[in-house]
Structure formats: C-alpha cells, structure tokens
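Please look over the sequence and the 3D structure shown here, and then read the report that follows, which goes from the whole chain to single residues.

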Amino acid sequence: MMSASDTAYRDQKMLGTIRYRLWRIPMPHRRNGPIGMFLFCLFTLMSTARPASAEVTRIEFTSKQPYGTFRAGDYVIWQGKIHGDLSPQEVIPGIDKASRNERGRVDYAAKIILMMPAAPRGGNGALLVDVPNRGQVWAEAIYNSPRDVRFLPGTLEQGTGFLQDHGFAVAEVFWELGQGADLPSFADADGKTRFVEGVGFAIVRDAADFLAHAASDKGGTPNPLGGAINRVLASGRSQDGRFLKTFLLNGFNMMGNRRVFDGMHVFVSAAGLLPILQTGLGPMSSAEGAPTFDNPDFPGVNDGPLTIGEITAKVEARGEVPPKMLLVSSTTDYYSLRASLGRTGASGTADQPLPANARMYDIAGGPHVPAPRAPACTLTPGRLDWAPLSRALLLHLDAWVSRGAKPPASELMPLEAAGGEVPALRAPTRLSAAVIQVPKRDQDGNALGGVRLPDVAVPTGTNGGQNLPQTFTCMLIGSFSPFPATKAERERTGDARPSIEERYHGRDDYVNRIRVAAQDLIKRGFILPEDAAVIIQEAASSNLFAPAPVNTEPR
C-alpha cells in the first residue's frame with residue numbers, strides 16, 4: 001500500500017507529465033479538444049493553487065575568497081546580498097500594507113554566504129541551506145566542530161572540513177529582523193513603523209529555490225550554483241529548527257508546485273514553533289523570545305501543533321509531499337524546552353506515532369548548547385560532544401533523499417513525569433492536559449536509552465544534568481559532574497557514585513570499553529569510523545589514569 005507521501009509524490013509526477021503532454025493535445029475546435037481543455041483547466045487550477053509569486057531579482061557578492069582544499073577539491077566562500085520581491089497577495093500578515101516598488105511588488109533583501117566548490121559541479125550535488133540563529137551561522141559548528149575545541153555559533157572556520165570533504169555546497173541565508181535581513185514595512189494607524197516579519201520565511205524559500213534551479217537573476221548575473229544542484233537540504237538548530245517546522249507547516253516549502261527542501265535536519269527544537277507570522281515594531285525580531293522559567297506562558301512557541309506528525313498531516317492534507325526529516329533532541333531539552341510534548345502532543349504521556357517521512361533521535365546526556373565556560377552558572381557546563389552524531393545523521397539524510405536509503409530507526413529515551421529538586425519547565429497554562437516528562441536516569445544520574453555516545457556509554461561523570469540558576473542561558477547549557485577519582489575521595493565527599501578507580505581496571509579497560517561502544521555506534525550508523533578513531537585516541541590519552549611508564553635508558 002502506498003503511503004500518503006508516496007501518493008502525493010506520484011501525483012506530482014503525474015502533474016509534470018500532464019503539463020508536458022498539454023502541448024501535444026489539440027485545442028477545443030478539434031475532435032478531442034474537450035479533453036485538452038479539461039486537462040488544461042485542471043493543470044491551471046493545480047498550478048495556481050500555490051502561485052509562484054516570489055522572485056529573486058538580484059544577487060550580488062561583495063567578497064569572493066578561497067576557503068580551502070578538501071577531499072572534494074578547492075572551495076571558495078562568497079559573501080553578499082540577495083534581493084527579491086513578492087506579490088502583495090502572499091499569505092503573510094501585513095504584506096498587503098507594505099510599500100511597493102514600481103512593479104507593484106514588495107521588496108526585500110538579505111545577507112547570504114556561500115561556501116561551495118570552486119568548480120561547482122565538483123560537489124556532490126547537494127545544497128545545504130543553514131538557517132542562522134539570531135544572526136549567527138551554525139553549519140560549521142554543527143558539522144565541522146573539532147572534538148577538543150567546540151565551535152560556537154557564528155564561526156566560519158573550516159574545522160574538520162567534514163561538509164567540504166563530502167562535497168556539500170552550503171548557503172547561509174539570513175532572514176531575521178535586525179539580524180541581516182531588510183524586511184518590508186509600513187506605518188500603522190499610530191504612525192509607528194511595523195515590519196513584515198513573515199517575509200523571513202519567503203526569503204529562505206526564494207533563495208533556496210533560486211540557488212537550486214535558476215540560471216541567473218533578473219539582471220543576468222549567473223547563479224554561482226547553476227546546474228550543480230539536484231537536491232536541497234535544510235539545517236536548523238533551536239530557534240531555527242522551530243523556523244523550519246513553522247516554514248513547513250505554513251506552506252513555504254512549495255514554490256509553485258515544486259518542493260523547496262527535500263530534506264530537513266532539525267536540531268533541539270523541542271515542541272516549538274516560531275512566532276514571526278506577524279508584524280513587529282523592531283528593532284529585533286519576534287523570534288528573539290521563548291518560554292523560560294521566569295515566563296513559562298510566553299506565547300507563540302507552544303501554541304500550534306506540537307508533534308511532527310501533526311505538522312506532516314497538515315502538509316499532506318494540502319497535497320504536498322513532505323520532506324524527509326531527522327529530528328534531534330538533547331537531554332537538556334526535556335527539562336528546559338518541553339521536548340516531551342514533541343512526542344506526546346498536548347495531552348497524556350503516550351508517544352504519538354511518527355510519520356513515515358520522519359525519524360527522531362535523543363542524545364543521552366547531551367546539552368542543548370555547548371559552552372566551554374559559563375561563569376554565570378553554578379555548575380560545570382555540559383561537555384558532551386555530539387557533533388559526531390550530527391555528521392553521521394547528515395549523511396543518512398542525504399542518502400535517504402538521494403537514494404531512498406532509510407536511516408537508522410528512531411532512538412528515544414524512556415520518560416517519566418517531571419519532578420524532583422530541579423524542576424522542569426512547566427507546561428503553558430493554556431495546555432491544561434499537557435504532561436511534562438523528563439528522561440529516566442540510572443543510578444549515576446545519566447539518562448537511559450537514546451543514542452548513547454561513547455562518553456555516556458562509558459561515563460566518567462554525570463552528563464546532562466540541569467544547571468543553576470535557571471536563567472535563559474544556564475537552563476540550556478546543562479551540566480557535567482565528574483565521578484570521584486578514587487574510592488577514598490568518594491568516601492570523603494559522600495558521593496554515592498562509584499569512583500573511576502572502582503569502575504575501570506586501569507587505562508586499557510577504559511579504552512577497550514570506549515572502543516567497543518564506538519564500534520557498536522559505527523555498526524548502527526550513528527558515528528563515522530573517522531570520528532570513532534578520534535574518540536578512541538582521546539580516551540587513550542586521558543589524564544584520568546596514571547601515565548604509562550617511560551623508558552629512560554637507550555636501547
């Protein structure tokens with residue numbers, strides 16, 4: 001039996017066939033004209049259901065620099081702006097009131113950064129569109145971050161070079177008010193300038209579609225990726241994972257009858273959406289805020305569909321083919337961002353079934369955001385490096401989109417009702433039947449289940465605990481509490497957790513356990529062999545154990 005996604009995809013292919021054959025059907029004055037007219041009207045109706053009302057008018061690059069040499073060849077980095085205009089009839093609140101250009105359309109502009117092969121056709125054919133978070137790019141930090149120097153958002157450093165080694169072209173498309181996007185505006189009844197923030201969705205849609213399909217802009221400037229792209233993936237983290245889900249929910253993943261993103265990699269977005277389908281006074285975006293322990297009823301984030309199944313059902317009901325989606329949550333997200341509601345919806349404790357186009361993975365012990373230092377927080381920040389999982393999952397998403405190779409089955413942590421000394425963020429008052437749940441933990445305080453990276457499978461401390469105070473920053477970085485080094489230290493401090501000395505029979509035992517855990521993850525598709533080698537190397541040089549004896553005499 002065909003799934004709803006397969007049926008929609010089949011219908012889209014049939015539509016393309018109909019469009020081609022229309023030109024071969026005689027017009028109504030001929031014998032079989034009525035059939036031609038029927039099909040013509042059908043095609044017209046279907047194509048106007050999602051008008052291609054947007055247009056990239058100009059793309060300009062003010063900086064063109066070499067980026068480095070990788071397995072896929074030489075890369076360049078180009079930075080500039082993309083300009084476009086929209087029909088005032090787009091379904092975006094406030095756009096009908098915005099100023100119009102000489103063509104009666106609504107202008108926008110946004111910063112854009114491309115990291116791409118110097119010879120575009122030398123890439124792997126995939127365009128990865130990264131959605132910046134509060135003006136900070138994330139792709140390099142998510143996928144290229146090295147193990148011992150965790151990249152923070154905003155970096156354009158090469159790092160491990162993973163994306164470039166595998167031939168991805170990367171586009172950073174800025175969309176947010178006050179953070180690299182020039183949004184249309186109008187004066188309200190009080191004379192205040194209001195910005196049409198929902199245009200941010202149209203900017204990302206138009207830029208992605210242009211880079212994937214256009215030969216040039218309206219002025220004839222060539223698309224630097226013209227002819228080199230055959231699939232488009234999107235990556236969004238936290239705020240921008242919420243961006244992608246809201247983008248999909250509200251129909252922005254279609255340009256006319258063409259899908260924009262074939263796959264989406266959504267990180268640590270919990271059960272949230274992004275409230276920018278409104279007009280704002282600026283100077284910053286309505287996307288800036290989120291529910292916190294001080295303001296748990298912050299509106300717009302947990303007001304709409306909470307699960308990916310609910311979102312996908314609405315997409316399919318419109319006749320769209322939903323993208324393939326991999327959704328990743330950290331342990332911290334369950335305490336601070338209501339991630340359990342992304343599994344259960346607005347009531348009860350039972351997980352809703354995932355749609356066929358989605359997989360979901362929990363990072364046991366993972367912090368929402370890496371933070372090498374957090375002087376404002378009470379505890380040591382979370383330290384788990386989950387970039388290896390990000391890299392492996394991106395390759396799975398690309399293979400799923402390009403070859404139909406299914407990714408690993410979902411891996412989730414078992415949950416229990418929230419409680420305890422450090423509370424989880426409560427449900428919004430308006431969701432009276434919602435039940436907030438958090439991961440079950442073992443005797444060491446480490447979360448059970450989920451994807452267990454070697455540092456959690458073979459722990460040296462408790463990963464993913466809550467930090468304090470529960471400010472917006474500290475509630476997201478999680479904590480790491482190391483085990484006592486020796487039995488004597490454990491007894492002296494009253495720590496109930498076995499010490500390193502009691503857990504591992506020396507360095508070899510510890511390294512071998514790390515090696516076994518890494519090999520298991522390789523086999524199951526959750527890390528790559530090259531990442532396993534780095535993890536094992538670090539374990540072998542750990543300072544938790546006495547150094548190996550050194551020969552001082554020459555041989």
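## Surface and overall make-up

The accessible surface of the protein chain comes to about 24000 Å², and 54% of this area belongs to carbon and sulfur atoms; accessible areas come from the Shrake-Rupley method with a 1.4 Å probe, and for residues only the protein chains shown count as cover. The model is a predicted one, in which local features need pLDDT of at least 70 and side-chain atom pairs count only at pLDDT 80 or more, while totals for chains, interfaces and linings use all residues. Residues are numbered from 1 along each chain as its sequence is written, and side-chain values use heavy atoms, with hydrogens and water left out.

Of the 555 residues in the protein chain, 54% are buried, where buried means under 20% relative accessible area, exposed means over 50%, and partly exposed lies in between, with a 1.4 Å probe and protein chains only. The chain has 16 helices and 20 strands; helices (H or I, at least four residues) and strands (E, at least two) are DSSP runs, numbered from the N terminus. Among contacts between residues at least 6 apart in sequence, 73% join residues at least 24 apart, a contact being heavy atoms within 4.5 Å.

## Helix H7 and its cover

Helix H7 spans residues 308-317, and within this helix Ile 308, Ile 311, Thr 312 and Val 315 are buried. These residues lie on the same side of H7, because they cover an arc of only 95° around the axis; the arc is that of the directions from the helix axis to the C-beta atoms. The cover over the buried residues of H7 includes helix H6 (239-249), strand E15 (324-330), helix H9 (341-344) and strand E16 (358-363). After H7 comes Gly 319, whose phi is positive, near 85°.

## A sheet of three strands

An open sheet is formed by 3 strands in the order E8-E9-E14, with antiparallel pairing, and two strands pair if DSSP finds at least two bridges between them. Strand E8 (185-187) and E14 are the edge strands, since each pairs on one side only. Strand E9 (residues 193-196) is joined to E14 by 2 bridges, and the two run antiparallel; here Val 196 stands opposite Thr 279 in E14. Strands of a sheet pair through backbone hydrogen bonds, either parallel or antiparallel.

The peptide bond from Gly 282 to Pro 283 is cis, with omega near 0°, and Pro 283 lies in the loop between strand E14 (279-280) and H7. Another cis peptide bond joins Leu 468 and Pro 469, with omega about -10°; Pro 469 is found in the loop between strand E19 (461-465) and helix H12 (474-477).

A positive phi also occurs in residues other than glycine. Ala 270 has a phi near 50° and is placed in the loop between strand E13 (263-267) and E14, where Ala 270 is buried, with a relative accessible area of 13%. Arg 338 has a phi near 60° and lies in the loop between helix H8 (331-336) and H9; Arg 338 is buried as well, with a relative accessible area of 1%.

How many of the 5 residues of E19 are buried? The count is 5 of the 5, so E19 is largely enclosed by the rest of the structure. E19 and strand E20 (residues 479-482) pair in the antiparallel sense over 4 bridges, and the bridge partner of Asn 463 in E20 is Phe 480.

Asn 467 is found in the loop between E19 and H12, and at 0% relative accessibility this residue counts as buried. Although Asn 467 and Ser 479 are 12 residues apart in sequence, their C-alpha atoms are 5.5 Å apart in space. Leaving aside residues up to four places away in sequence, the residues that Asn 467 touches include Cys 377, Thr 380, Cys 474, Gly 478 and Ser 479.

## Cavities

A search of the whole structure finds 3 cavities of 30 Å³ or more. On a 1 Å grid over the protein atoms alone, a cavity is a set of points where a 1.4 Å probe fits but cannot get out, and lining residues have an atom within 4 Å of a point. About 150 Å³ of space lies in the largest cavity, a volume being the space filled by probe spheres set on the points, which are joined across faces, edges and corners. Of the 13 residues that line the largest cavity, the closest to its centre are Ala 141, Pro 370, Asp 385, Trp 386 and Ala 387. Helix H3 (139-143) and helix H10 (387-403) each supply at least two residues of this lining.

Note on methods: 1 Å grid on protein atoms, 1.4 Å probe; cavity = no way out; pocket = protein on both sides within 12 Å on 5 of 7 lines; lining within 4 Å.
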